[in-house]
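Let's take a friendly look at a ligand and the protein residues that surround it.

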Amino acid sequence: MARSALLNVMVQAALKAGKSLSRDFGEVQNLQVSVKGPSDFVSQADLKAEKIVKDELLKARPTYGFLGEESEEITGTDGAHRWIVDPLDGTTNFLHGIPQFAVSIALERNGEIVAGVVFNPATDELYTAERGGGAFLNDRRLRVAARKVLSDCVIGCGVPHLGRGHHGKFLVELRHVMGETAGLRRLGAASLDLAYVAAGRMDGFWETDLAPWDVAAGLLLIREAGGFSSDMKGGQDIFESRSVVAGNEYIQKALVEVVNRPVPKA
Ligand code: IPD
Ligand code: CA
Ligand code: CA
């Protein structure tokens, strides 16, 4: 598997930030027993990881723009390129000592994602993709699962929580999807959820109220693994609508239909 110079820069940045997160994750596990918990510590870990990624990427390409979850957007003088970064996706998992979190880095060129990296330092799983070059988990080429009917499928989702999302709307979606599928999962890190769809571990995924840094890298992984993605309405306004539905060609379409079914009559 040959990686371009740019993808190598992204991988190095993700590995370096991942190392820092790994060290801090060890400490978080110790802090669980304190009454205050590790939340301030985790915010620092998050900021530290973003700084590492940002420094690495901007050192390699100083003219590119930078959109990261934890800092002000930098427009960049280049005009065509923008990094889109979530330094710690799955913060709640991280905070609770659950090893399902990732560094997510995407490169956008003229509005299209052309490279993506999602790295879970707790499992040492590195997902990479370049436009037209396939998607990989470490050295293994990825392909989305082939199941054609929802009744055979395990589907991932995001569950809104205190202060986030539209709870009533989600319950309607859930009611429809759970009645049609073999199982539902809520793993808690959207970038990895999409990577799992790319890897064929989950057959599909839907979530609303997501930011570009949650999904940018994962969307390319899915596409390069032969999968499809859309917004909740089946269109391509994923960033603007803050929603995503993903799967193979059959399951992605079927999921769009199911999540949009009307509220059942009482
Ligand atoms: C969150 C995770 C989670 C999703 C949330 C995101 P964060 O990102 O991706 O799975 O359900 O909507 O905000 O806050 O952990 O970076
Ligand atoms: Ca996130
Ligand atoms: Ca984050």
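## The shell around the ligand

The shell around ligand 1 divides into 4 nonpolar, 3 polar and 7 charged residues; here Ala, Val, Leu, Ile, Met, Phe, Trp, Tyr, Cys and Pro count as nonpolar, Asp, Glu, Lys and Arg as charged, and the others, Gly among them, as polar. This is a predicted model, in which local features need pLDDT of at least 70, side-chain atom pairs need 80 or more, and totals for chains, interfaces and linings use all residues. Residues are numbered from 1 along each chain as written, chains are lettered from A and ligands numbered from 1 in written order, and side-chain values use heavy atoms, without hydrogens and water.

Of the 14 residues around ligand 1 (a heavy atom within 4 Å), Asp89, Gly90, Thr91, Arg164 and Glu207 come nearest.

Polar contacts are pairs of N or O atoms within 3.5 Å. The side chain of Arg164 places an N or O atom 2.9 Å from an oxygen of ligand 1, while a backbone N or O atom of Gly188 lies 3.1 Å from a ligand 1 oxygen.

Technical notes
Polar contact = N/O pair within 3.5 Å; in protein donor to acceptor, adjacent residues only side chain to side chain.
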